[in-house]
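Here is a short walk through the model, to be read with the structure open beside you.

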Amino acid sequence: MIGSSRRLGVVAALALFVSGCAAAAQTAPPAAESSESAVPVVQVLPNGLTLIMQDHRAADIVAAYLWVATGVRYETPDGLGYAHFQEHMLFKGTDKFGPGYIDRTVEGQGGRSNAFTSFDYTTFQILVPSDGTRTALGLLDDMAFRSTFDPKEIDAERQVIFEEASIETDNPKSAVLRQLYGLVFSGHPYGRPVLGTPETMNAANQAKLKGFNSQYYTPENMVLVVVGPLGAKAVRAMVDEAFGRHPKTGYVPPPVPPLAPIKGMVRKTVERPEQQAHLALGWQAPSLSNPDSFALDLVATILGGSESARLQKNLRDGERIVSGINMSNSSMKLSGIVYVQAQLEAGDVAKVEQRILDEITRLQQEGPTEEERQLAVTKAESEHAFAYETTDGVASAYGLVQLSGTLDDELRYVERLRGVTREQIRDAARKYLPVTDYARIAFVPGKAK
Amino acid sequence: MTRRSFALTAALILLAPVAASAQSGGVTRTRLPNGLTVLVRENPAAPVVAYSLMVKMGTRTETPDIAGISNLLQQMLVRGTEKLNGEQIAEAADRMGGSIDAYGDADYSEITATALSRNWQEMLELVGDCALRPTLPDGTVQTVRDFLVRQIRNRGDKPFDVASDKMRAALFGSNPYAWDPLGRRESVERLAREALVAYYRRYYVPGQMVLAVVGDVRTAEVIPQIQRIFGAMPAGTVASPAVPAPPAMAATREVAVVAGAQAQILMAALAPALTHPDHPPLKVLTALLGGGMASRFFSELRDQQALAYTTLAQYQARVDTSAFVSILGTAPENVPRAAPALTQQLERIRTQQASAEEVAVARAYVLGSQAMDRRTNARQAWYLAFYEVAGVGYEFLDRYAADVKKVTPADVQRVAQKYLDVLRTVIVQPK
């Protein structure tokens, strides 16, 4: 998963004098049934907006997440970074209130807001105690439909985004992934920088950002997810009062350029100021709607997705040639990416690349053991169960899958994984991880920045 | 609860010495006869469970020559027991659909574990195994120590870590809060197995330990199992060592160079321990200045003046004298304007009283933070255990929340004048 969050910097900085502060016990009475048995209620408003609701009573906190099906994927070459710029600007004032109002209102309710831009979607997320639900929905509606894009605020926010870009550059773990996406999806929107380029960002103005807003921020292009200790009827009434007032626009998503496969080796080495080296290998992967994505999820888990996976066990704990390593399969709407990322000493880069390929080859030849298959399914089941601990976990899961596949993919995910055989896992490794065609990037210590 | 599990529970209780239990706010507190405190909260929302085993041991129980020993010891606990090696521990946790990890912090050290709740008993066994029967194998000690030394080295690559290490050292002097829980390179390099064994024996005694359990489990089933696994530890307690007081505050300014695109500006002062009556108003002050996106730092320095991307204030709840730290991350060319702007913010809160509305938002932010941070079972277990280890009991949270609700604009100004009149500054920038 790659994207850009409004609060990126704040989250990164929390590592300082971290851990807890103190707290009031504000837990709602648990519902009689466990949330396992609960299912979402999905309704489409007359104006085309999709509303997903789930009753969830672990705490008195409602997650109201607005997902807009726009992101880097729809940007034009001269509009790179506009989806993300748009995301920032929606917090900077509407025709009803000025900048800062949203943060004051949400935090004054004891809540939190966040926003995130990726390739297929932009999401605005508010968490509030349940009596603030109406306020939260009203704010999301105002942000999406009534933002003013004041030129003065645009200029100030542009600087914030440039600063965000330098923070990302400073963090080698995220920078190496970002650059890997560029190699794996060369020439395709999935390979573009979420934060845009200095040229496109400097050219952004009120008319352009307003135009982007009226083109993409339409009810038909929105999914609203509301999860918390509330019934569907009450939620729907509040949504009708806000989002329900906007008319249909007849929005049709624009076409997207086709994706060229990786042929042969694509290699890049970058000199960086850090003493530690970073290595990433990537392949194109199937989209969420392709049934192969389930088997490939298991491939990634078995090779490098858990503490006891093969790469962790052999390269990190056994041979000790990496200090950290992980593998992940990330499915998007049109495609996906499966990658291995490692932190290591600069002298070991070539050896580690070869060892990763060895481990892939071994899985392609022998397939996984039955124990490994079961372990990988348990891991997925567990991630699923832990996501359902919180209302925001559920709202994220539902929104993400609605924007890149179907809700049914999420609800039946574990069940489908259970049905994948060892042979299917082996075959997915053969089909999607050719050791002759992939992208590879390394960050090594050097003077250059 | 089924009749069958009740019968089993009853039988186990008869075998063991009786433990004293009390229930409030959905939490059951039990003191085992050997002194171990157990807290259990049932939460059926998702089929998962979390454990937090905390020990009153951390940088606060360290001296400069053994700085980092608590964290090293914790890391070793999950890398080998009499039954399992480190790899097998990780595999076992994976099989349970969970994880187990351990680390040292300033006031405490924690073994934290989660699992699918159907495996609650197996995970409890594993936590017990790691805590009670670690082998601290010599070769692994070296490997983990080398790994930690590299982590300490890598902190030197990150402008923010460099700035916070320098600030911590300036604020706390010879007090152990002066170093990061990772420790100092010179001390960690020399830590040998014998030192770890002695340290473990001294602090892993039941009177020093708290086990919190939160999740889709039954209290009546969990407590007898904890009694069975941990009840055999011989009773014991140990006084935490006396620690040198931090140096008196002085206005200092330190500038350091670290390659990278961002500059970091930190301005900080000593601040009272969590039991001090000034703790709640200073928490509200911290939220008002740099808590969330409605805070002054974020709205004025970032949103209005575009002088920062990252900017916040922190004041951590500590058993002993803590610190208020304001943080600003920005482009190097902004430093000449950003540093005075941050100073001005810290000045204004002392000279002008904040509005009632602004203080109300900050109070709501502090209270909201707590509710938000306690959404998962793992964080709930952490809170239960931490306040117990800190000696104030988990009920402290309720008293604290009540105190926060009473904080007035005058209180905020008073603590600003009391604690923020003298500040230390650290600036880290590229060249």
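Helix H4 of chain B, residues 120-132, has 13 residues, which at 1.5 Å a residue should span 18 Å; its end C-alpha atoms are 18 Å apart, in agreement with that value. Please keep in mind that this is a predicted model. Of the 13 residues of H4(B), 10 are buried, so this helix is largely enclosed by the rest of the structure. Among the buried ones are B:Trp120, B:Met123, B:Leu124 and B:Leu126, and the run from B:Val127 through B:Gly128, B:Asp129, B:Cys130 and B:Ala131 to B:Leu132 is buried as well.

The buried set includes B:His279, B:Pro280, B:Pro281 and B:Lys283, together with B:Leu282, B:Leu285, B:Leu288 and B:Leu289.

**Where the chains meet**

How much area is buried between chain B and chain A? The value is about 6,600 Å², and carbon and sulfur atoms give 59% of it. In chain B, the residues that lose the most area to chain A are B:Met293, B:Tyr309 and B:Arg375, which together make up 12% of what that side buries. The contact involves 81 residues from chain B and 72 residues from chain A.

Between the two chains there are eight salt bridges, and 17 residue pairs are in polar contact across the interface, both residues being at pLDDT 80 or more. Helix H13 of chain B, residues 356-373, supplies nine residues, the largest share of the side of chain B that touches chain A. By class, that side has 40 nonpolar, 22 polar and 19 charged residues.

**Charged pairs**

Side chains of opposite charge can pair when their charged atoms come close. Over all chains, the count comes to 64 salt bridges.

| Pair | N to O distance |
|---|---|
| B:Arg118 and A:Glu381 | 2.8 Å |
| B:Arg153 and A:Glu345 | 3.6 Å |
| B:Arg29 and B:Glu395 | 2.8 Å |
| B:Arg60 and B:Asp320 | 3.1 Å |

Take the salt bridge between B:Arg118 and A:Glu381, with its closest N and O atoms 2.8 Å apart. This pair crosses between chains: B:Arg118 lies in the loop between strand S6 (109-116) and H4 of chain B, while A:Glu381 belongs to helix H13 (residues 370-387) of chain A. B:Arg118 is exposed, with a relative accessible area of 56%, whereas A:Glu381 is buried at 16%.

The side chains of B:Glu395 and B:Arg29 also meet in a salt bridge. This pair links distant parts of the chain, 366 residues apart: B:Glu395 is in the loop between helix H14 (377-389) and helix H15 (396-405) of chain B, and B:Arg29 is in strand S2 of chain B. B:Glu395 is partly exposed, with a relative accessible area of 24%.

A further salt bridge joins B:Asp320 to B:Arg60. These partners are 260 residues apart, with B:Asp320 in the loop between strand S10 (310-315) and strand S11 (322-330) of chain B, and B:Arg60 in the loop between strand S4 (48-55) and helix H2 (69-77) of chain B. B:Asp320 counts as partly exposed, at 23% relative accessibility. Elsewhere, salt bridges that share partners join A:Glu319, A:Arg355, A:Asp358, A:Glu359, A:Arg362 and A:Glu366 into one network.

**Two loop residues**

A:His188 sits in the loop between helix H6 (172-184) and helix H7 (198-203) of chain A. Is A:His188 buried or exposed? At 3% relative accessibility, A:His188 counts as buried. Its side chain reaches the backbone nitrogen of A:Tyr190 at 3.1 Å. Not counting residues up to four places away in sequence, A:His188 touches A:Val256, A:Pro257, A:Pro258, A:Leu259 and A:Leu334.

B:Gly26 is found in the loop between strand S1 (20-24) and strand S2 (27-31) of chain B, and is partly exposed with a relative accessible area of 37%. Leaving aside neighbours within four places in sequence, B:Gly26 is in contact with B:Val40, B:Arg41 and B:Glu42. B:Val40 is 14 residues from B:Gly26 along the chain, and their C-alpha atoms are separated by 8.4 Å.

Conventions
Residues numbered from 1 in each chain as written. Chains lettered and ligands numbered in written order. Predicted model: local features only at pLDDT ≥ 70, side-chain atom pairs only at ≥ 80, totals over all residues. Heavy atoms only, no water. Helix = DSSP H or I, 4+ residues; strand = E, 2+ residues; numbered from the N terminus. Buried < 20%, exposed > 50% of the residue type's maximum accessible area, 1.4 Å probe, protein only. Contact = heavy atoms within 4.5 Å. Expected span 1.5 Å × (residues − 1). Buried area = accessible area lost by both parts, 1.4 Å probe. Salt bridge = Lys/Arg side-chain N within 4 Å of Asp/Glu carboxyl O. Polar contact = N/O pair within 3.5 Å; in protein donor to acceptor, adjacent residues only side chain to side chain. Nonpolar A, V, L, I, M, F, W, Y, C, P; charged D, E, K, R; others polar.
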